[in-house]
There are 2 protein chains.
Amino acid sequence: MARAATTTDAFNAVAEARRRQILDILATGERPVNDLVRLLGLSQPQVSKHLRVLREVGAVDVRDEGRRRMYRLNAHALKPIHDWVKNYERSWSERFDRLDGVLEELEEEGDGGGDE
Amino acid sequence: MARAATTTDAFNAVAEARRRQILDILATGERPVNDLVRLLGLSQPQVSKHLRVLREVGAVDVRDEGRRRMYRLNAHALKPIHDWVKNYERSWSERFDRLDGVLEELEEEGDGGGDE
DNA sequence: TTGATATATAACCACATGGGAATATAATCC
DNA sequence: GGATTATATTCCCATGTGGTTATATATCAA
């Protein structure tokens, strides 16, 4: 088996930095494709393909406006990523560093003489 | 060019669900490889290879203990993911839904013939 | 209608992947 | 020493990739 498709879920879709950049731009408002092309300095097909991936995972919505296609962020698709990663926040949050130290000591004490 | 290597950064590393599962288990405490093999129902080489990816992006640390290798979470490597995705949180947070509506209206109103 | 503009798609390629199987390495036990 | 246990690595392969170039589709303008 190869790697999971980029369209499998939001995790795979935003693994690509370009696609995160696209979302960052769309976070400031709706944009046609050509705006993204200029702002990112990518080729037009490249941007269209990235947008397709983002569409397939639901991270962007499109709306036709004449010959332009207006893309809009749908950040709800990113919620699973936030939900997963937020559980790790305490590990790097200064506020919890001291608590973590205490917990580790307790664990080791209860562990029956482990040193290290 | 192909897709970025899984070891490029944390985003690519955790795009694989198995690796997120591994981190979830390690979040409960240090574990030898065989624990992960049993808990995940994966083959041992598979787990070792996933662990290598997680090591290369700094998401886990290892410690030798006899013939076992104890793996430990290093959640700090996940901070960039959290930092990126947290900026989108307001989009799905109920508390901000009403505010978003207001902001969008303001944007549209002010958009009378804007530049670009 | 013809031409220009805006976007999507297709064909192609080099390449890293995740899984499986087999093997290598290393520590422990007899 | 040999056997067992624990882990890492290597080889193999099918597959999906991101970029490029070329083309298709659709809308607007003259």
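Helix 4 of chain B gives the largest share of the surface near DNA strand D, five residues. Helices are DSSP runs (H or I, at least four residues), strands are runs of E (at least two), and both are numbered from the N terminus.

Some ground rules. This is a predicted model, where local features need pLDDT of at least 70, side-chain atom pairs count only at pLDDT 80 or more, and totals for chains, interfaces and linings use all residues. Residues are numbered from 1 along each chain as its sequence is written, chains are lettered from A and ligands numbered from 1 in the order written, and side-chain values use heavy atoms, with hydrogens and water left out.

Back to the DNA. The surface divides into nine nonpolar, seven polar and twelve charged residues. Here Asp, Glu, Lys and Arg count as charged.

Now the phosphates. For A:Arg19 the value is 2.9 Å. For B:Arg52 it is 3.3 Å.

Last, the inside. The count comes to one cavity of 30 Å³ or more. A cavity is a set of points, on a 1 Å grid over the protein atoms alone, where a 1.4 Å probe fits but cannot get out; lining residues have an atom within 4 Å of a point. Which residues line the largest cavity? Phe11, Val14 and Ile81 of chain A, and Phe11, Val14 and Ile81 of chain B.

Terms used
Polar contact = N/O pair within 3.5 Å; in protein donor to acceptor, adjacent residues only side chain to side chain. 1 Å grid on protein atoms, 1.4 Å probe; cavity = no way out; pocket = protein on both sides within 12 Å on 5 of 7 lines; lining within 4 Å. Points joined across faces, edges and corners; volume = space filled by probe spheres on them.
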